[in-house]
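Here's a quick briefing on a structure, written for someone who likes to think in contacts and charges. Have a look at the model first, then work through the notes below.

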Amino acid sequence: DGILDQLAKFERAKTAERTRRGRLRKAREGKVVATRSPRYGFKLNAARDGYEVDEEKMAVVRRIFREVADGTTLRAIALKLEREGVPTPRGAKFWDRAFSRHCVFDDVYRPHSFEEVEAVVSPQVAARLDASKEYGLWWFNRRRMTSTPVSEVSGDGRRYGKRYSSYTKPKEEWIAVPVPDAGVPREIVDVAREQIKDNRRPSSAGHRFWELSGGIIRCAGCKRVLISRKRSKKKGGRRYEYFYYHCSGYDKYGLKGCDKARFASATKLEGQVWE
C-alpha cells in the first residue's frame, strides 16, 4: 500500500507538471487558456482558445469605466447595478465593491496599439495580428498558487484538507495573449485609473486588538464573518470611542444582505466568549 501511495503521488505530480507546461506553451502561442469563466464582457470562441466580445456584458464594463472616470465611487456603481437588477458575472444579485477596481486595472480592457502588442509577444504571434487594429492584453502566469496539507480535529475524528496561498510573480515571467479590443477608449481607461489609483480601504485594526477577528465569530443569520467597526462621538468637549462587531453582509448589502443589523459591543462580546 505504501509503494502504491508513493507511485500515485509521483504520477499526480507528473500530471500537474505536464498540464502546467502545456498551458504555458499554449499561452506563448497566443492562445487563451480556458478557465471556469472568461473575463466579464468576453466569451470563449468555438475552439475555446480565444476571446470574443460579448456585447451585452461588455456594455456594463464600458459603463463602469465611464462612471469611474466621471468620479463616481465604486460603492455607488455597485449599488446602481443592484438597483437595476443587473446580474453579476456569475449571475448573483449583489456586486462585489472591488469588481470595478479590478476591471479598471485589467489590461484586457485597455486598448493597445499593434506596436505595443508586438513588443510583448513572440514574432509568430505578432505575424497573425492585424497591424491596423488595437488589442487588449490577457496576462497568463501572473500568480503562483501553492497548497499545504492540513488536518484538524472534528466531531467524528480527524479532518484533512489543504490551505492555499498565492503570490504575484515577477513581471518578466508574465505571458501576454492578445485579445479583441473591448471598445473602451484609451483616454477613458487612463482617466479612470487615475481617479482610483490612491484608493485605500480604511482600517480600524490599529485602534485596539480585535480578539474575535479573522473569522472566529460569524453572523447567526447569514453565517457570514463578523467584521470590526469603530465609532466615535463628541460629548461635553470630549471624544468617546466605541468598538463593535457586526455582519459583513449587512455592511455590504444592507437589510437585503442580512436582516441582523445589530451592532454588538466588542468588549461585551469578547468577555462573553472568554467566559
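Predicted model: local features only at pLDDT ≥ 70, side-chain atom pairs only at ≥ 80, totals over all residues.

**Helix H1**

- Leu4 has a relative accessible area of 56%, so it counts as exposed.
- Helix H1 also holds Arg21 and Glu17, which are four residues apart, or about one turn of the helix.
- The side chains of Arg21 and Glu17 pair up in a salt bridge, at 3.9 Å from N to O.
- Both partners are partly exposed: Arg21 has 46% relative accessibility, and Glu17 has 27%.

**Other salt bridges**

- The structure has 16 salt bridges in total.
- Arg62 and Glu55 form one of them, with 3.1 Å between the closest N and O atoms; Glu55 is partly exposed at 49% relative accessibility.
- Arg110 and Asp190 form another, at 3.2 Å from N to O.
- That pair ties together distant parts of the chain, 80 residues apart: Arg110 is in the loop between H4 and H5, while Asp190 belongs to helix H7 (residues 186–196).
- Arg110 is buried, at 13% relative accessibility, whereas Asp190 is partly exposed at 33%.
- There's also a network: Arg63, Glu67, Lys80 and Glu84 are joined by salt bridges that share partners.

**A buried lysine without a salt bridge**

- Lys169 is in the loop that runs between strand S5 (157–168) and strand S6 (175–180).
- Why does Lys169 have no salt bridge, buried as it is? The nearest side chain of opposite charge belongs to Glu173, 4.4 Å away, and a salt bridge has to be within 4 Å.
- Not counting residues up to four places away in sequence, Lys169 touches Asn141, Arg142, Arg143, Arg144 and Trp174.

**Around His112**

- His112 is in the loop between helix H4 (99–104) and helix H5 (114–118).
- With 7% relative accessibility, His112 is buried.
- What does the His112 side chain reach at 2.7 Å? It's the backbone oxygen of Arg110, the residue that is salt-bridged to Asp190.
- Setting aside neighbours within four places in sequence, the contacts of His112 include Asp107, Val117, Lys133, Glu134, Tyr135 and Arg186.

- Ser248 lies in helix H8, residues 248–253, and is buried at 14% relative accessibility.
- The Ser248 side chain gets to the backbone oxygen of Val225 at 2.8 Å.
- Beyond its neighbours within four places in sequence, Ser248 is in contact with Arg224, Val225 and Ile227.
- Ser248 and Cys219 are 29 residues apart along the chain, with 8.4 Å between their C-alpha atoms.
- Leaving out neighbours within four places in sequence, Gly257 is in contact with Phe94, Cys222, Arg224 and Gly249.
- Gly257 and Ser113 are 144 residues apart along the chain, and their C-alpha atoms are separated by 43 Å.

Methods:
Residues numbered from 1 in each chain as written. Heavy atoms only, no water. Helix = DSSP H or I, 4+ residues; strand = E, 2+ residues; numbered from the N terminus. Buried < 20%, exposed > 50% of the residue type's maximum accessible area, 1.4 Å probe, protein only. Lys, Arg positive; Asp, Glu negative; His and termini not counted. Contact = heavy atoms within 4.5 Å. Polar contact = N/O pair within 3.5 Å; in protein donor to acceptor, adjacent residues only side chain to side chain.
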